[in-house]
Amino acid sequence: MSAAPSVELVDLSRSFGGVAALDGLDLTVEPGTLMCLLGPSGCGKTTALRIIAGLEHSDRGEVRVAGQDIARVPANKRDMGMVFQSYSLFPNLDALDNVAFGLRMRGWNAAKRRTRAGELLELVGLSAHAAKYTHQMSGGQQQRVALARALAVEPRVLLLDEPLSALDAVVRVQLREEIRSLQTRLGITTVFVTHDQEEALSVADQVAVMRAGRLEQCAAPAEVYADPATPFVAEFIGTMNRLPGTLSADGGTVEVAGRRLKVREGSRPGGEVAVLIRPEAVSFEPSEEGAATVRQAGFRGPITRITAVLEDGTEVLSDVPSAAATELVPGRRADVMLDEAPVMVVER
Ligand code: ATP
């Protein structure tokens, strides 16, 4: 396979009936990497993917593959493999012929097609199922066939549109790991659309968090989680406590749950705010005079998620190592301890 190309979206815009689905999206997928487009329903993820594939046109902006604008290249010449949420296999063909289908379109002879399709089925772990029809396969198996079919033609770019969302939880996790391992092994430039943040964080090299047709942040998963660029990203990714606080006049510190913490960016006027703090940055210390009352202790194996309430009714979540959570039973009062790290504040 020739070297993997980059995929760049430059000022990509598209409206439907006056509503902007994409509103100046700029994004670069580096060669051979996996980019997740992540965001709430309707933020434009699928529209972006369809424009890359050539199934949809843009009103403005460019899609560049290896630096070349591909506006004039029709969808079937773009050399891209696509897998959709619905398995979209041909029900009248068996697994092998489904995989071989695209090769026939490209003029491969029957013997070569069968050999290549067999290799691809082996790659996705389905050699034993080559003669099965769609109704004889599970959802996960059908999606593996769809993946093999997309990869059979050695596309330069792989596009995945919510490929796992029709599958049950266990298969979804298993298949996403398989997709990631295949993608890394083949070194294929991939764009993966999902609204599932855990999925995005676990498979992507880079996560592009979108909102209303725009990019909020594009960064490695750990960075998006630990260093969100905007309040929207902070609250969209992972779980976030929103605690009432009072910001100092210079915006540099905030008083929250009886502590004073540094603020990450000080551009907001002093006063009442909500302070965003991750559950793992909160701990509880049992105390008769504590400001919080434990309401629930949810055991999750190594950690226990404690839900407590402050006097004003605010809920506070804390992820505590289970060994340290034995005293934090419902009804127990506790002091709220917060990590010293600077926090993000937003409008209350
Ligand atoms: P989801 O996660 O729900 O699939 P998404 O982020 O993929 O959402 P898109 O499907 O790209 O979002 O849609 C973005 C916006 O554009 C939505 O408001 C949608 O209703 C609108 N839209 C998309 N395609 C069309 C179309 N063909 N005709 C009219 N409106 C459309």
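The points below go from the chain as a whole to single elements and residues.

1. Overall description. The model is predicted, and this should be kept in mind throughout. The chain contains 8 helices and 20 strands. Its C-alpha trace spans about 80 × 45 × 35 Å along the principal axes. Of the 348 residues in the chain, 40% are buried. Among contacts between residues at least 6 apart in sequence, 65% join residues at least 24 apart.

2. Domains. The domain assignment divides the chain into domain 1 (7–235) and domain 2 (240–346). Taken over C-alpha atoms, the centres of domain 1 and domain 2 are separated by 39 Å.

3. Nonpolar core. The largest nonpolar core comprises 96 residues, and Cys36, Leu37, Val99, Ala208 and Val275 have the most contacts inside it. Helix α4 (residues 139–152) contributes the largest share of this core, with 7 residues. Both domains take part: the core draws at least three residues from each of domain 1 (7–235) and domain 2 (240–346). For Val275, once neighbours within four places in sequence are left aside, the contacts are Leu243, Gly245, Val254, Val256, Val343 and Val345.

4. Ligand shell. Which residues lie around the ligand? They are Phe16, Val19, Ala21, Gly39, Ser41, Gly42, Cys43, Gly44, Lys45, Thr46, Thr47 and His195. By class, this shell has 4 nonpolar, 7 polar and 1 charged residues. Strand β2 (19–29) and helix α1 (45–53) each supply at least two residues of the shell. The largest share, 3 residues, comes from α1.

5. Open sheet. An open sheet is formed by 4 strands in the order β2-β1-β4-β5, with antiparallel pairing. The edge strands are β2 and β5 (68–69), each of which pairs on one side only. Within this sheet, strand β1 (residues 7–16) and strand β4 (residues 60–65) run antiparallel and are joined by 5 bridges. Val10 stands opposite Glu62 in β4. Strand β2 also belongs in the discussion of point 4, as it supplies at least two residues of the ligand shell.

6. Strand β7 (residues 157–161) is mostly covered, with 5 of its 5 residues buried. In a regular strand the side chains alternate between the two faces of the sheet. In β7, Val157, Leu159 and Asp161 point one way, Leu158 and Leu160 point the other way, and all are buried. Strand β6 (residues 80–83) runs parallel to β7 and is joined to it by 4 bridges; here Met82 stands opposite Leu159. Strand β8 (residues 189–194) is also parallel to β7, with 5 bridges between them; in this pairing Asp161 stands opposite Val193.

7. Helix α2. Which residues of helix α2 (residues 95–105) are buried? They are Ala95, Leu96, Asn98, Val99, Ala100, Gly102 and Leu103. Val99 is also listed among the residues with the most contacts inside the largest nonpolar core. The cover over the buried residues of α2 includes α3 (110–123) and α4. After α2 comes Gly107, with a positive phi near 80 degrees.

8. Hairpin of β17 and β18. Strand β17 (residues 303–310) and strand β18 (residues 315–321) run antiparallel and are joined by 7 bridges. Thr304 has Val320 in β18 as its bridge partner. The hairpin has 4 residues between the strands, and Gly313 takes a positive phi near 95 degrees.

9. His135. This residue is placed in the loop between α3 and α4. Is His135 buried or exposed? His135 counts as exposed because it has 7 C-beta neighbours inside 10 Å, and the cut-off for exposed is 12 or fewer. From C-alpha to C-alpha, His135 and Gly301 are 38 Å apart in space, and they are 166 residues apart in sequence.

Methods:
Residues are numbered from 1 along each chain as its sequence is written. This is a predicted model: local features need pLDDT of at least 70, side-chain atom pairs count only at pLDDT 80 or more; totals for chains, interfaces and linings use all residues. A nonpolar core is a set of buried Ala, Val, Leu, Ile, Met, Phe, Trp, Tyr and Cys residues joined through C-beta atoms within 7 Å. A residue is buried if 20 or more other C-beta atoms lie within 10 Å of its own, exposed if 12 or fewer, and partly exposed in between; C-beta atoms are placed from the backbone. Domain bounds come from an automatic or database domain assignment. Two residues are in contact if their C-beta atoms, placed from the backbone, lie within 7 Å. A residue is near a molecule or strand if its C-beta atom, placed from the backbone, lies within 6 Å of it. Ala, Val, Leu, Ile, Met, Phe, Trp, Tyr, Cys and Pro count as nonpolar, Asp, Glu, Lys and Arg as charged, and the others, Gly among them, as polar. Two strands pair if DSSP finds at least two bridges between them.
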